[in-house]
Each structure stands twice: as structure tokens, then as C-alpha cells.
Amino acid sequence: MKKVHSALANGKLKGFYSETMLTIEGIMRRDRADVFAATQTVMHPETSQITDYADLPNVIQEKVGSGDLETIAMEFRVEQPRRKPLHPEVLERVKAAKTLGVKVLKGVPRIGAYHLTDHAGEYYLGRGEGDDLKAWIDKAHEVARAIEARGIGFAQVKALGRNMSASDPASAWFQSLDQATDVHQERSVERAFSEWADGDSVAVHVAYGIDVFCSADVGNSNATNSVLDPIHRSWLTETYGVRFMTFEDLADNLP
């Protein structure tokens, strides 16, 4: 641990961690189903603005005729009212990581995804702009969908939600995650959230082009199958070139 810490501190090693450690796994395990079940879309008050015809570009004038143009703006925001602040120990880890220069990897872009505000760009690793950003998004979605197609990653929590909402097909899948009927189903939901976090972590690891995915997790806690079990690790290595290491492997490979 001291060897890796020293390598991070002196810049010989660059470290990163997925924002899913904060946005998904940063929620206490017992609270995750409740937080996501209460997720809601809120429409904020609409605003309108009148633009004089004379101030409109020619291409717009041709479309609207001779009158002024009224623009109405509506903002829809996904909110999680039951989400609590990050645990103080988690915040201390975030601060310690920042001190070592360890950056946060943006999560897989999802509608209504929760993320941390970083206006100054102090925490997140950049994804580039223009074509570079588009390539990053395309690759993150490509890998995430391939993972989900194998029934792992995000696919597991979504499947559980759909099964639980069978009695109310009109509800969204995540609205039923807090309706577990026994402790076994509760544990399944908890494991599914962790699996979602792991799957998205791998997807953005590939999108960013990080050299090594460091984790001792081999999916033992998942009752079904995991993106980090030996079979799927082999698939990720063969398909996307993911290089897995344990913490000990990482230390042994440092100069």
C-alpha cells in the first residue's frame, strides 16, 4: 500500500476511480432501493421570450412568416428527494484521492443520471470536446450495451425492477425496487446495484483508455453472474483489451 501511495504522490502512477463509487455505491446499501424508487421527473416553471421579427435570422424569418417569434422554454429535471449527503468517511476518501491527484471518471451517460458538480474541473478527468467527446460517449455506450446484452451490469437491476413491477406494468422499473417481499429479494436488489456500478465502471474504463483495471472483486458476492467474474473478465480482455490487476499485482509492476 505504501509503495502504490508513494507512486501516486510522486506522479509515477496516475490513479482514477469511477464516479459510480459516489453516485451509486455512495448511497448506503440499505438506502439504495428507496432512493431510486423515489426518483421523479420535475417540470420547472416555463418561461417565454418574444424576439422581434427584424432581429430574426433570415432562415428563421422564412419559416415563421412576418410575425414576431415567441420562444417557450421548459426545464425537466430528474430529482431524488430521498438521497442523503455522502457519508463523512466517503467525503474524506474523496479529499484524500484529490490530494494524491486521483481523478474521477465520468459515468456512462444515462437519462436522469446523477453526477457531481465540478465547475472548476478539479475532480473529473476530462473527456475532450467535439469529435473526441462524441467518440468517448459512443464507446461508453457501446461497451455498456454489450455488457447489458450478456445479462450483467445495469441489466440486472433493471430486470429486478421489471419483475417487481409486474403487478403494475404502468410504473417505471425503478419505482418498484423498494417493494422486496423478503430478505432474499432485498439482498438481490443490493447486489444488483453493486453490479450496475461495476458494469458502468468497466465501460468508462474502456472509453477513457485507462491502462489497468485494478480490482480484487471477482463477483463472488453476486448470486448469479458478474461483470467481474472470471468468465466475463476473459471476455472483456479478449473483446476490449481490459487488463485486470489486483492491488498486489499493481504494486509488483511498479518500478
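**Aromatic pairs and a helix contact**

Guide: A search of the whole structure, which is a predicted model, finds nine aromatic pairs.

Visitor: How are Trp136 and Tyr208 arranged as a pair?

Guide: Trp136 and Tyr208 sit edge-to-face, with 5.3 Å from centre to centre and 70 degrees between the planes.

Visitor: And which parts does that pair tie together?

Guide: Trp136 belongs to helix H6 and Tyr208 to helix H8, so the pair links parts that are 72 residues apart in sequence.

Visitor: Are those two buried or exposed?

Guide: Trp136 and Tyr208 are both buried.

Visitor: What about Trp235 and Tyr240, and why are they called what they are called?

Guide: That pair is edge-to-face because the planes of the Trp235 and Tyr240 rings are at 85 degrees, with the ring centres 5.9 Å apart. The cut-off for edge-to-face is over 60 degrees.

Visitor: Trp235 and Tyr240: buried or exposed?

Guide: Trp235 has 13% relative accessibility, so it counts as buried. Tyr240 has 19%, and therefore counts as buried as well. The limit for buried is under 20%.

Visitor: Which residues form an aromatic cluster?

Guide: Phe36, Phe154, Trp173, Phe174, Phe193 and Trp196 form one.

Visitor: Back to the helices. How do H6 and H8 pack?

Guide: Helix H6 covers residues 131–149 and helix H8 covers residues 183–208. They pack at an angle of about 145 degrees, and their axes are 8 Å apart.

Visitor: Is the crossing of H6 and H8 left-handed or right-handed?

Guide: The crossing of H6 and H8 is right-handed.

Visitor: Which residues meet there?

Guide: From H6 there are Trp136, Lys139, Ala140, Val143, Ala144 and Ile147. On the H8 side they meet Gly199, Val202, Ala203, Val204, Val206, Ala207 and Tyr208.

Visitor: What classes of residue are in the contact of H6 with H8?

Guide: That contact has 11 nonpolar residues, one polar and one charged.

Visitor: Now the whole chain. How many helices and strands are there?

Guide: The chain has 10 helices and six strands. Its C-alpha trace spans about 75 × 50 × 40 Å along the principal axes.

Visitor: How many of the residues are buried?

Guide: Of the 255 residues in the chain, 37% are buried. The accessible surface of the chain is about 15500 Å², and 51% of that belongs to carbon and sulfur atoms.

Visitor: What about contacts in the chain between residues at least 6 apart in sequence?

Guide: Of those contacts, 69% join residues at least 24 apart.

Note on methods
Residues are numbered from 1 along each chain as its sequence is written. This is a predicted model: local features need pLDDT of at least 70, side-chain atom pairs count only at pLDDT 80 or more; totals for chains, interfaces and linings use all residues. Side-chain values use heavy atoms; hydrogens and water are left out. Axes are lines fitted to C-alpha atoms, for helices over the stretch in contact, and angles run from 0 to 180 degrees between N-to-C directions. Helices (H or I, at least four residues) and strands (E, at least two) are DSSP runs, numbered from the N terminus. A crossing is left-handed if the near helix is turned anticlockwise from the far one by less than a right angle, and right-handed if clockwise. Contact means heavy atoms within 4.5 Å. Ala, Val, Leu, Ile, Met, Phe, Trp, Tyr, Cys and Pro count as nonpolar, Asp, Glu, Lys and Arg as charged, and the others, Gly among them, as polar. Buried means under 20% relative accessible area, exposed over 50%, partly exposed in between (1.4 Å probe, protein chains only). Accessible areas come from the Shrake-Rupley method with a 1.4 Å probe; for residues, only the protein chains shown count as cover. Rings of Phe, Tyr and Trp (its six-membered ring) pair if their centres lie within 6.5 Å; planes under 30 degrees apart count as stacked, over 60 as edge-to-face and the rest as tilted.
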